[in-house]
There are 4 protein chains.
Amino acid sequence: MTLEVGVLGYRFMGNAHANAMARLPMFFPDAPAIERSVLVGRDETALSEAADRFGFSSTATDWADVVDEVDVFYNLGPNHVHAEPSIAALEAGTPVFCEKPLAPTLERAESMADAAREAGEDVPAGCAFNYRFVPAIQYAKELLEAGELGEIRHVRGRYLQDWLVDPDAPWSWRNDEELAGSGALGDLGSHTVDLLRFLVGSDDLAGEIERVSGQLQTFVDERPVPGEEEETRPVTVDDAYTGQLEFASGATGVLEGTRVAAGHKNDHTVEIHGSEGSLRFSLERLNELEILRDDENRGYETVLITDEDDPYVDHWWPPGHVLGWEHTFVHENYEFLRAVAEGNRFEPSFEDGLAAQRVLDAVERSDERGEWITLE
Amino acid sequence: MTLEVGVLGYRFMGNAHANAMARLPMFFPDAPAIERSVLVGRDETALSEAADRFGFSSTATDWADVVDEVDVFYNLGPNHVHAEPSIAALEAGTPVFCEKPLAPTLERAESMADAAREAGEDVPAGCAFNYRFVPAIQYAKELLEAGELGEIRHVRGRYLQDWLVDPDAPWSWRNDEELAGSGALGDLGSHTVDLLRFLVGSDDLAGEIERVSGQLQTFVDERPVPGEEEETRPVTVDDAYTGQLEFASGATGVLEGTRVAAGHKNDHTVEIHGSEGSLRFSLERLNELEILRDDENRGYETVLITDEDDPYVDHWWPPGHVLGWEHTFVHENYEFLRAVAEGNRFEPSFEDGLAAQRVLDAVERSDERGEWITLE
Amino acid sequence: MTLEVGVLGYRFMGNAHANAMARLPMFFPDAPAIERSVLVGRDETALSEAADRFGFSSTATDWADVVDEVDVFYNLGPNHVHAEPSIAALEAGTPVFCEKPLAPTLERAESMADAAREAGEDVPAGCAFNYRFVPAIQYAKELLEAGELGEIRHVRGRYLQDWLVDPDAPWSWRNDEELAGSGALGDLGSHTVDLLRFLVGSDDLAGEIERVSGQLQTFVDERPVPGEEEETRPVTVDDAYTGQLEFASGATGVLEGTRVAAGHKNDHTVEIHGSEGSLRFSLERLNELEILRDDENRGYETVLITDEDDPYVDHWWPPGHVLGWEHTFVHENYEFLRAVAEGNRFEPSFEDGLAAQRVLDAVERSDERGEWITLE
Amino acid sequence: MTLEVGVLGYRFMGNAHANAMARLPMFFPDAPAIERSVLVGRDETALSEAADRFGFSSTATDWADVVDEVDVFYNLGPNHVHAEPSIAALEAGTPVFCEKPLAPTLERAESMADAAREAGEDVPAGCAFNYRFVPAIQYAKELLEAGELGEIRHVRGRYLQDWLVDPDAPWSWRNDEELAGSGALGDLGSHTVDLLRFLVGSDDLAGEIERVSGQLQTFVDERPVPGEEEETRPVTVDDAYTGQLEFASGATGVLEGTRVAAGHKNDHTVEIHGSEGSLRFSLERLNELEILRDDENRGYETVLITDEDDPYVDHWWPPGHVLGWEHTFVHENYEFLRAVAEGNRFEPSFEDGLAAQRVLDAVERSDERGEWITLE
């Protein structure tokens, strides 16, 4: 059986997922057969050009016509378009893969998670936190789950970008609260929170995040509208946020996300200290993991996670032939599509998307109220 | 005229300052002439041995006999001994150089700063934040003051150590609230806060820290008493703290200090992002500064701050012949003793020590009250 | 017009090129249309499985049936199979893309270059030195050609692997002189020499390599035959080589290649010092280039070569979304196929393959004769 | 008994050794008592100023008056002044500590080694290769001697400086063959060869260097005389050299030394690959050692060699409080003076100085003759 896939969104994320789908047969021959069936968007010309390039057999301008016609629905549109089509698809019993953050508001994220719950376990609803699928992160997870770092003491997650350092960088939907929900907080923070939850969130490790403090900051209040001379629009989201965490286990943490860190392009860093060791990872060197195991190491080992028995690596190239950012999409598509074909639960799920959003929402409330916020 | 120096404390800090004094004539020949006159402590045997080794001409067991007899008084004892002798010295008109943190409580730090204020500007009262005197930090300060990084957006300070990772690491006065005031917060955090204030605290840059949130955590509640079998004592201070900052300018920041970060010996890191560039510094590579200037750089430059025209370097060795941790003490002693000889104000002063303490006290209150704390 | 492509070899290199071809339409839409037409090999079962997976429409077991039937011929077999089919293809007027090193012996490489010369400029004969097509290397080339590093003084090229550190690592054709020509020298050294020639070999920079000294070493004399218990076969090639170079300009250099450098998986490093700056590159961090320009920098900048206007990057992802090893194959296939479609010369050509081989042959002769060897 | 020390030379090396002597009592209280007795030089004013600053009780302008009057003689003058005074001292039975390289020519180095041999084992004749006394190097030596890296396969030593990159950098005695013997080769290469011999030269490891190939290059033929307008003097030594090595065990190596490597101040790097692990060290990060042990590590550990039980560290500061370049002089003075006091052999000896010189001489002959040179 070939799964017919419908995809909403044909820009950056559309491209990343279409590429991932296209690469499965050569590198993951046991992945379910799929057809890139229908690409959904509003601008017909651009859509048609994209469908051609991404290898889709048809296009549609109304997602409502698609969500119950396909075997799988990918929601890769801007944040404010996540909820309605995803819920409709789930109500039609169609598995959904939705980009992160799950929704611009906690309320809508909750509706989406509700819809997923009602659709049932055999209708996977995945939230596309692709960084879980970096081989080095999977390897780190294995070390952590095996107890190699002992009890978790501290985590540190930061996601630094610089594309808004320049006050004249153009306005986009990502600067608008209505469309995006929040700025660095949702866009970057959702990745960081999910990664930390994935790595240390199990009950045997740090458990869930229980208490949060945070702040948001906007440094540039308005930005020029692209193509429209001398017009500006207000920036209604944060350029940057910081946060502090306490986990159920008592482990503590700090968070940062910013679009104004000069010199950092896509620097997503996670660092973990346990009672028996430490780990460091940076997305800009995604093939590497820095590992310190107290009983064996005096300093961090810089390990290239590209050996044949490292996660997913046997599908690719020999040791030392490094992978790129896009490979994370191949891995998550492989896992998600297998879950669809087998009617299994997939993680990160809408629940995980919601859990991340709860933390970020608490960061925002902490900033507003000047209080530490305890999560339920 | 030769300045007679009295020093209270003959362990780690006593050694570091005695060494610094001993090295001035060869490398800083324009430093004031001094005599290592009297070393103060309680254990006469150890004291006498130390006086011999450190080159002191006499010893005393009561600081009260010393503070008004010498030209300069160094207070290098544990935190709980900082206030009384320092105040007595200042009341006697004797300049004081006191180790950090200024005092175990904010109240006592305020008394010390009061005493310094009353003693007047020509009686220097210095707080020995030696990391201001790393050449790379002085160089960073020059860049920042010259506006090379533009407006400050974010700061990040963390001080990671690992000597308490092991639950069986022995108890010491540093684990006791009465004697130390706090744990990582005061010991490590005071350095970090001072360094950030030094680098970006001027009104042209980020200004003072205005708002703070924080948390403290103790992971190991009791520790074995050294030499006394099977006895333990309670740990009444924090093993680690985290904090968030907002500066007067709106710049934001995060802080961390911990004694349980496996693999980090003395890793004091400061990172700064401005609208036109970024900086990174780590104490474990103290000869290096990482610099990014937006208009010249695409990535950080790793610069060895050992050129002849770099701060203090002309006193030492040719380019690339790296300095060590102890050299910071030579620099601060040089500056402090010059201030004493000339009756000038010295910075970091007791006011700076107090300012750092106010921030740390706010971190502690934030942890207790579950609120963001606004500093007056 | 669609170019029909025939490919000899279906293992590691077959996979890398098939993947590259498959990715062109989505990312390089202006690349010539191609059909993965026929895959050539000897083991019919394996071949057929590979053809399926790599997307070839047919298979053949005799290259002689293929070379004059297709529009382009890729020779991706072991070194000893490079000469005959490539020459036959060129004699038939079929453009050839051949993996490196060009041939196991200098003599055969010369025949291949002769055949390419006779086929004429409009029949491209490319030697697949893929590392020329790393964006960071292309960027380095631009800097060098623009004179940003001044006169070249030194180069340093080393290629470190560790897969033969273990004396029990199995024997393969790569350990056999007959089949491979040489060991680390040809396999790794050909990449290094080509990269150095590409970067500094133009007459305005260092010019050609004029004088060479070298040594070869085999540390493990025999290795176990895979699957055949207790049988071993002799290792008749080098495990490692070193070399020294002098260029026409007087610039000097050192070379190293080894399969027994514990801890290095695929560490191909090139470093260049000029009168006005320096560069460093390592394949294990292939998105990065370290750049020092004397008039602007005091230390190396670590630059992520992933900006939109960096070579090839606009075809892929936003800044900081790093590429992998395989992307170099997409770039070289794009360039090669365009040259084929337009009947243009392609570089690296068989001439370049031959030039690299001449240097390596001189390294080998230097080792044998105990002399520096001057190249003609 | 207090050893009276006479020192020839009062510039860079004079300062480094005087400082080391001054620091012994505080940090190495078991070092022999010494008096900085007489400082020897030609320029009486400068000499007298230096004697004051370095703490010498007297001065002399003729070394001949000194060598038999003191208990120890330090020869810290330029290379061409090494032989005669050192030999005279040894003939007078006075222990000698001589800076490296031992002499400007192999012949003179041989005379010096002869004199040392004739003086007998209880008259230590040390060659001041201070880098042997970096704690990280001593630690590396321990690992190697314990067999932790297995059989040595490759070594790589390079010493990169940039102070002659600028063609207008002034002429000095270091550019003159008569005064210096050679350029980068002797000045930098002697350090590198000694360090490699120290680390892997024992018979259980790689053994002695047996075969050498090399080249020397001068990029700037004349340089301006400081202070004398528009006058230049010829550069008669090398700006840079390269070499290849084969050791008795069959291990191979490459060498480089240069004064024209833009961006490198004092970058002395040693890397070693064995059958069971690898090591890396760089002088610009002299507190760190990168270690890979095949059976424990997948990647290099970056270890701070500053723990209490690391070589020499217990004499200094707590873990992570890094040492500087000058500390190596304290360690070597401690060891040398102990050898003097106890009438013991000291290493590195004049024999070691001679052995390094033989290798460098062979590098030079290889360059002249165009041959590999076998050492006797």
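Author: Let's start with one pair: A:D367 and B:R211 form a salt bridge, with their closest N and O atoms 3.7 Å apart. The term salt bridge is used here for a side-chain nitrogen of Lys or Arg within 4 Å of a carboxyl oxygen of Asp or Glu. Between chain A and chain B there are 4 salt bridges.

This is a predicted model, in which local features need pLDDT of at least 70 and side-chain atom pairs count only at pLDDT 80 or more, while totals for chains, interfaces and linings use all residues. Residues are numbered from 1 along each chain as its sequence is written, chains are lettered from A and ligands numbered from 1 in the order in which they are written, and side-chain values use heavy atoms, with hydrogens and water left out.

Now for polar contacts (a pair of N or O atoms within 3.5 Å; within protein, one must be able to donate a hydrogen and the other to accept it, and residues adjacent in sequence count only if both atoms are side-chain atoms). Chain A and chain B have 29 residue pairs in polar contact, both residues at pLDDT 80 or more. On the side of chain A that touches chain B, the residues comprise 15 nonpolar, 21 polar and 11 charged. Here Ala, Val, Leu, Ile, Met, Phe, Trp, Tyr, Cys and Pro are nonpolar, Asp, Glu, Lys and Arg are charged, and the others, Gly among them, are polar.

Next, the whole meeting place: 47 residues from chain A and 47 residues from chain B take part in the contact, meaning heavy atoms within 4.5 Å.
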